[in-house]
Amino acid sequence: MTVKNDEFFMEIALSLARKGLGRTSPNPPVGAVIVKDGNIIGKGYHKKAGEPHAEILAINDAKNNLNGSTLYTTLEPCSHHGRTPPCTDIIIKSDIKRVVIGTLDPNPKENGAGLNIMKNAGIDVQVGILEYECKNLIEAYSKYITTGIPFIAIKWAMSIDGRIATKTGDSKWISSYPALEFSHQLRDIYDAVAVGIGTVLIDDPLLTCRVEGGRNPIRLVFDSDARLPLTSKIVNSICESRTILIHSESADKEKLVKLEKKGMETMKAKTKNKRIDVLKALKQVGDLGITSILVEGGGNLIGSFVESGEFDKVYVDISPIIIGGLDSPRAVSNIGIENIKDAFRLDRISYLFRGDDIILVGYRRK
């Protein structure tokens, strides 16, 4: 096989893996294809934690003799016992001749272990085909498996003069309809969506995913004093989506009991400067197996994440409207940089065009 052919088949494996985004946590999304004599004879992608991995599904899908075939997988096959047996054992027994891996598994239990086991068994192993794309696919898993802290993406929609609402709090809708659809697509692939209590009190959002075939994210409400109304849409749709209220020690205990009776989970978090300590709260959320969070607002919550430096990615939906007003809310509150050199900077910038809106996507420079 040439490098060009390897990239062609790895791209197919990547397209399969993307089907698992938002559905495999705490495992990574992985896709695999098996090729023999230039033809694909097996395909698979990891669908859910605890279910067979992509490589095994591809092997099971292959109807022909696997002897002499090539396995393409976006991530290094596992070599340790977890919820499922090691993939490397089954790959070796299948008589696959060659394995092409997109990227090594950042999990400290793996990170080359599976590769070495297959090489020692006489399999020709190559690593690094479409590596950049394969690493991007598992960006949330990579952070989570090495730190225990979820991958954090911040998203907001704003006018071209930087306002996220009018001075009366009206924000429906700054985004164009295609940009709103994109927001729901993001909810489909992130484990959880987070908002502050201010956003809930003003907008009364559902925070569900309205994409056909999509799944609802876990909803996280940062609410120090448990002010979340029992009549809110979030409370009255708990049956649709798992919801966790993150509160402080001083929260109204009676109110918490009432929310719990409605089916809401509650999580007590430590505070810092009279606000929930974002980093410590994220560690608690990570303990639940939540690997990625989309922070949707409002300005105070986004400000807390930015001020703490606890964010990895940013989506900024810029709408071609001008709102103005000294009292109109901005996307990032409770933070102020004195010197430009200390400002948070973004790398790997890209732009998406949805309707009349431009969506800037970037990663926080480490």
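This is a predicted model: local features need pLDDT of at least 70, side-chain atom pairs count only at pLDDT 80 or more; totals for chains, interfaces and linings use all residues.
Local features need pLDDT of at least 70, side-chain atom pairs count only at pLDDT 80 or more, and totals for chains, interfaces and linings use all residues. Residues are numbered from 1 along each chain as its sequence is written, and side-chain values use heavy atoms, with hydrogens and water left out.

**Aromatic pairs**

- A pair of aromatic rings is described by the distance of the centres and the angle of the planes.
- Rings of Phe, Tyr and Trp (its six-membered ring) pair if their centres lie within 6.5 Å; planes under 30 degrees apart count as stacked, over 60 as edge-to-face and the rest as tilted.
- By this rule the count is 6 aromatic pairs.
- One of them joins Phe 8 and Phe 9, edge-to-face, with 5.2 Å from centre to centre and 75 degrees between the planes.
- Phe 9 has 6% relative accessibility and so counts as buried (buried is under 20% relative accessible area, exposed over 50%, partly exposed in between, with a 1.4 Å probe and protein chains only).
- Phe 182 and Tyr 315 are edge-to-face because their ring centres are 6.0 Å apart and their planes stand at 65 degrees.
- This pair links distant parts of the chain, 133 residues apart: Phe 182 is in helix α7 (residues 177–189) and Tyr 315 in strand β14 (residues 313–319). Helices (H or I, at least four residues) and strands (E, at least two) are DSSP runs, numbered from the N terminus.
- Phe 182 is buried at 8% relative accessibility, and Tyr 315 is buried at a relative accessible area of 6%.
- One aromatic cluster is formed by Phe 8, Phe 9 and Tyr 72.

**Charges over rings**

- A charge sits over a ring if NZ of Lys or CZ of Arg is within 6 Å of the ring centre and within 35 degrees of the ring normal.
- Arg 348 has its charged end over the ring of Tyr 363, 3.8 Å from the centre of that ring.
- Arg 364 lies over the face of Phe 311, with 5.7 Å to the ring centre.

**Second largest pocket**

- On a 1 Å grid over the protein atoms alone, a pocket is an open set of points where a 1.4 Å probe fits, with protein on both sides within 12 Å along at least five of seven lines; lining residues have an atom within 4 Å of a point.
- The second largest pocket holds about 800 Å³ of space, where grid points are joined across faces, edges and corners and the volume is the space filled by probe spheres set on the points.
- Its lining has 33 residues, and Leu 21, Glu 139, Ile 189, Lys 313 and Tyr 315 lie nearest the pocket centre.
- At least two lining residues come from each of α5 (131–137), α6 (139–147), α7, β14, β15 (346–354) and β16 (357–364).
- Helix α7 gives the most to this lining, with 5 residues.
- The lining divides into 17 nonpolar, 9 polar and 7 charged residues (Ala, Val, Leu, Ile, Met, Phe, Trp, Tyr, Cys and Pro count as nonpolar, Asp, Glu, Lys and Arg as charged, and the others, Gly among them, as polar).

**Ser 175**

- Ser 175 is placed in the loop between β6 (151–159) and α7, and is buried at 11% relative accessibility.
- The side chains of Ser 175 and Asp 317 make a polar contact at 2.7 Å. Such a contact is a pair of N or O atoms within 3.5 Å; within protein, one must be able to donate a hydrogen and the other to accept it, and residues adjacent in sequence count only if both atoms are side-chain atoms.

**Backbone**

- Most residues other than glycine have a negative phi, and most peptide bonds are trans.
- The peptide bond from Ser 25 to Pro 26 is cis, with omega near 5 degrees; Pro 26 is in the loop between α1 (3–17) and β1 (31–36).
- Asp 204 has a positive phi, near 50 degrees, in the loop between α8 (197–203) and β8 (218–222). Asp 204 is partly exposed at 27% relative accessibility.
- Leu 207 has a positive phi, near 65 degrees, in the loop between α8 and β8. Leu 207 is buried, with a relative accessible area of 2%.

**Sequence and space**

- Glu 254, in helix α9 (residues 253–261), is exposed at a relative accessible area of 62%. From Glu 254 to Ala 226 there are 28 residues in sequence and 9.6 Å in space, C-alpha to C-alpha.
- Thr 88, in helix α3 (residues 87–93), is buried at 0% relative accessibility. Thr 88 and Ile 238 are 150 residues apart in sequence and 41 Å apart in space, C-alpha to C-alpha.
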